[in-house]
Amino acid sequence: MPLNAYLIVGALLFTIGAAGVLVRRNPLVMFMSIELMLNAVNLSFMAFAHFLDSVDGWMFVFLVLTVAAAEVVVGLAIIVAIFRTRREIDVDELNTLKG
Amino acid sequence: MPDYVPVLILMGLALAFAILVTLVTFVFGPKKPTPEKLAPYECGIEEIEPPRQRFPVKYLTTGMLFIIFDVEAAAILPLAILMRQLKVLGFVELLIFAVVLIVPFFYVWRKGAFTWE
Amino acid sequence: MLNLTVFTLALPLAGFLILGLFGRRLPRALIAWIGCGTILLAFAAAAADFISMLGTAQTSRVADTTFFNWVASGSLRIDFGLLSDPLSAIMLLVVTGVGFLIHVYSIGYMADDPGYWRFFSFLNFFVFAMALLVAADNFLFLLAGWAGVGLASFLLIGFWYTRPSAVAAATKAFVVNVIGDFGLLLAIFLLFKTFGTLGYEAILYGNPASGHSCIAGPFCPAPLAIHPAGATLTAIALLLFVAAAAKSAQLPLHVWLPDAMEGPTPVSALIHAATMVTAGVYLVARAAPLFTAAPGVLPIVGGVAGGTALFAATIACVQTDIKRVLAYSTMSQLGYMFMGEAASGFSTGIFHLTTHAYFKALLFMSAGAVIHALAGEQDMRKMGGLRRKLPTTFWCFVAGGLALAAIFPFAGFWSKDAILGAILERASTTGIGGWYVLYAVGILTAGLTGFYTFRLIFGVFLGQYRGGEIAPHGAEHGPPEPAAAPASRPNGRGREVASRRDPLARVHDVGAAMRWPMLILAVLAVIGGFYGTPFSNWLGDFLAPIAGTSPDVSGGTLALNIALGLAAAILGIALAWLRYGARQASFAPTRNPIVVFFENRYYVDALYDHVIVRPLLWAGRLLRRDLEGVALDGGTRGVGGVVGWSSGVLRALQTGYARNYALAIFLGATLIVVYYVMQR
Amino acid sequence: MILASSVFDFTPTAQDWLRILPELIVLGAALLVLLADLAIPAKGRGWLALVGLLGVVAAAVVTAGMWISGDGLTAFNGMIASDKAALFADLVILFAAALGLLFSPGYVERQGIRQHGEYYTLLLLAALGMMLMASAASLLIVFAGLEVLSLALYILSAFIVARPRSQEAGMKYFILSSFASAFLLYGMALTYGATGATALTAIHDFVARHAAPTGDFRPLLLAGLGLMAVGFCFKVSAVPFQAWTPDVYVGAPTSITAFMSVGTKVAAFVALARVFMVALGPVAAAWSPVLWAVAVLTMIGGNLYAVTQRDVKRMLAYSSVANAGYMLVAVVTGTQQALAALLIYLAAYATMNLGAFGVVLALERSDGLGTVLEDFNGLARRRRGLAAVLAVCLLALAGIPPTVGFAGKFAVFYAAIAGGRLELAIIGVLTSVLGMFYYLRVIWAMYFVEPQPARPAPAFVVAPAAPPASASAAASSSTGGVAVAEPRIATTVRADPAAVSVAETPHVVYPGTWLALALALIATIALGILPGALVDLATQAAQSLLR
């Protein structure tokens, strides 16, 4: 398969993820969308690494994987903290800070 | 550049969709929520108990800790492959990595994150 | 040659710091000693510099001491240095000398004010900033001083901050001054871009020894190899003049000065008459080579200055608030100074600056004494007949008034004569009609000056007293507001009845602390002009290395000029006598359209209000209901309107919804990508 | 994976470890704090700050030593730089961290935070991430550093668990920052694809050889640097990517706000300079229009937003947006001098902004309120020291001489003019004039406005969805109202400032806070009067990065 095929799939996934962040209101789903964006990037990295025959892309993928995991944990931690004071979480309810 | 035109079009479409959905819900969305409307099941049967039940927070805590310690191990993989080439200092590096993981592990343990009560 | 200028700066700064930090706990006497003592020592340092300069050959009267390297990287190199040359020496003498007298005067004037320490610390800060302004040896630290005096002026106008009018006036002054600062900053950037440096020596005067060269001009020994384009020079000079006009209240940036009279009277005397407002005059004289070399700028300066002189003088003729009369008179006299400079008589401008400092400070002090005596009354319609009650003040006022009206041989006569002479000389050598017009404006203004000055004197001191009964103390002091003055004498009922027979029974003339500075300045107002007579122009010669030689006026021109100037002034005084002196002065409202026009200050403020402020506010209200509150708070109403409105629109975008923020990020990213696609 | 060992031949040496010694020390201090938290009884947890502080000071000393005698080379196969730019940034970040640590004990106690160990560890880890990001010599480390600092700051922003505003801040920061990070990462991927490298020197060589001479930029490269610009602009809070800044700065604990407003900016700007000004310098024609527009928008937008703010904390947040605009001017200019100016401005911003936030922090009440403009009325009479520090810092932010803020602004605008960006300098000066209004308004309130005895309803509205905070706010304002009823009479009679301060519960300002404020104040003034040393260091740092 040509490089472009991978890249286009990556771009599509990335855009879908971004759209998910924009339209969903549940923070968990938003996290998932962000994970999708990160994995879309991973796909691009791997494609590039393969076609360029370069090791840098693989290293990046490892890093992104671990970072993504850490992000999930931190996100969940914040959600748990919010759950302690309110019953539901809708990101749109978090809007006392504005202006 | 022509190769990427479809991508751009798609991005544009996604953007338009996002704006459209936001706008539509904002403009046309009903502004008068009633308890019935918000109820999760609309098949006419009264709820027996609240449909949404919480996981115990402990479960989440353990899960989070598992993820973090599990996935961070992935970072050891490249190091392991190159272990021979990296010589002693590579091993030292691995140790430092381990210490960075072990100290927080010890911390959460002592803070009682692994006990169920 | 000595260069003790650093002490002239450091002492007031030390006074400011001591008073600012510990003043609250210090006894009043000590505050006064620190406040005045530091300025006196600063004056001594300036005087020592001056005397040692007199003992130096005229060609080498420059001492530029670099204290530290402020910044040096690559081509950017700026030192903090203090310059002692004839121009800065004269300016420092005036600033510290008059400043000292006004400090002493303030001991008496502010005696009852709770903010005593604050007042003296601000005043010391002002002297420091002004000294930095005139002693800096490069444009950057000129700017530092420039901003500093603006800040000091802002603080002192708003000194009685419980009065809304004082706060409004302070804000107005600040806004106009920021416009000027902006002009100066842009001029500095342009200077830097053009010359690659900011030092006076390199840009203005040149010094072959150090390899610097300067722009071509009459004062430049080694003209710059690459002459900057005339347009650049013009732009720089015009920007400098914008700064000067804002600081020196020239049209159309004059609106703040009359309002600045909300400050305590010593502030009006020191800052808004004697020193700070002359910073613009100083700047033009300092940058004389630039103004001379820049094509087409000096006529603009002359036009603006002449317009201001006449404009302000006409308004001064109809004002009834005695401080406002003097404020407009200050504007008018500043116009004179710029007129002299526009006619290439840069030293005549400085000459008038010095004499004006004496007599205008004196007039303000005398006005302050009147106000003090009348418990805060500033309206001359409620004065009259004060000559017997306030003899010292009266005679000081007369001395100052004669100097202001330019009557022979008072100080103002010589300096105004020098300016008008320079303009007439310029007119006759160039033969351009515009200079003759400017000269006519000068003569007309001289007549008006005589008129309004003596209208003031006659109205205040002659005739019958027209006001009500005077409380023994209180002056114009706030806080609390002057309206609270009656409340401060709860048992006044009985005394009020007793004193009704003579409403001025408790009015007394000034105390020692106020009297001596007034007397010294009165003497200076009488004799202060003798160092610049057309027959032996010592000051002109002294300043010549910096400001260039003034046009030489002699013979028929001189005689004509003196005759015309004196005739105009005497005519003005005579008119004032007929209207206000010979019979009981009448300040009844008039329907005379010209007077009404003048009384409304040519409707300039109203024009600003209607043309700029109101439409903006209207537009703003249309778009955002609560604009007015925002705008009034945000500074000037006009600027605040636009800013407040756009700020409101932006804030509406800051919805607090994370998804909207994410959308903004996404949109930004899309825009960037689309931009790149469009590029190709 | 087999291919890795064939392509990859690198063996670390002791030198590599020495070059990242400051980072290691901070990491060690973070772990030490974690362990010490287990050992120290609950009452003495305030001492954890001292442990962290010692680590930060040690790291700063080592950094200074490396400045003098370090080899300035990269460590670990060109991953992490130890050049003077990195060391300069490290020093500024460590300064911010030290002040953050000094601010913390008093603030943390007043806000009722009990997890001291995590708090200080995360603060140190955030500093570590900032240092990594600022010394990154590879896109990989840029991203790693960015994530380390971000993850720590997400948690710290949400650290006052019981306060809805803090939760909201953490959540928003987390979602938006991850979102922006994804863009940054995508940009890095595309840049990697276009240039075949992630090391900055390799990217530089590639674009200098292939892209710059022809002027024909590959679409991958353009898209890559465009998306990276998005990520960086988010981190430096440039318009239109600034929206998170005020919300997070206001909601987060103020000690964290003070630290991150400075540290994140330093890290992100130095990384931005490394990636754009240095590595992508040869293709400046491609990215400078974008950053030009962002800089202009940021200068105008940031100041406009700030003008009408009533909450001083929020105003300072927007002021940080505006300041990002001035710094972007230096980035767009792109010369070595501009880089030096950027570093000067960063250092200047660090001192004055830490001082300003420090005062706000010292005044903030235990319910997180008390930072609205009205609360500053007459402050000069109640808290003279705090008012004076805030006044100086705000004057510095307004760019008034002789403070360091003036030196910073002058350096940036001068560099812009020298580099042929006159229009940016003019916009910068104009918007700075606008900035003076909102800074001076606070000073005006502190010195010239009578304190209002009765506290008005908080202008900062707490939404009904947040019962605990609104209840406590209501309670505090009502108690304030009751308490004030009697002294109000006294004030009108005597105008005695002491009687007025009942509007706010007076709390003690801790010695550590005073020390930090004094440090910020001294630096703000001293570096303003004698900026020579700072300019020297910054110039050396710029020379090490951009030749």
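Predicted model: local features only at pLDDT ≥ 70, side-chain atom pairs only at ≥ 80, totals over all residues.
A crossing of two helices is left-handed if the near helix is turned anticlockwise from the far one by less than a right angle, and right-handed if clockwise. By that rule, the crossing of α9(D) and α12(D) is right-handed.

**Helices α9 and α12 of chain D**
- The axes of helix α9 (residues 200–214) of chain D and helix α12 (residues 254–279) of chain D come within 9 Å of each other and cross at roughly 25°.
- Because angles under 35 degrees count as roughly parallel, α9(D) is roughly parallel to α12(D).
- On the α9(D) side the contact is made by L200(D), I203(D) and H204(D), while α12(D) brings R274(D), V275(D), V278(D) and A279(D).
- Sorted by class, the residues of this contact between α9(D) and α12(D) are five nonpolar, one polar and one charged.

**Where chain D touches chain C**
- Chain D gives 45 residues to the contact, and chain C gives 41 residues.
- Several helices of chain D each supply at least two residues of the side that touches chain C, among them α8 (164–195), α13 (284–307), α15 (336–363) and α19 (422–448).
- The side of chain D that touches chain C consists of 37 nonpolar, six polar and two charged residues.

**Chain C**
- The secondary structure of chain C comprises 27 helices and two strands.
- Of the 680 residues in chain C, 59% are buried.
- When contacts in chain C between residues at least 6 apart in sequence are considered, 78% of them join residues at least 24 apart.

Note on methods
Residues numbered from 1 in each chain as written. Chains lettered and ligands numbered in written order. Contact = placed C-beta atoms within 7 Å. Helix = DSSP H or I, 4+ residues; strand = E, 2+ residues; numbered from the N terminus. Nonpolar A, V, L, I, M, F, W, Y, C, P; charged D, E, K, R; others polar. Axes fitted to C-alpha atoms, helices over the stretch in contact; angles between N-to-C directions. Parallel < 35°, antiparallel > 145°, perpendicular 65-115°, else oblique. Buried ≥ 20, exposed ≤ 12 C-beta atoms within 10 Å, placed from the backbone.
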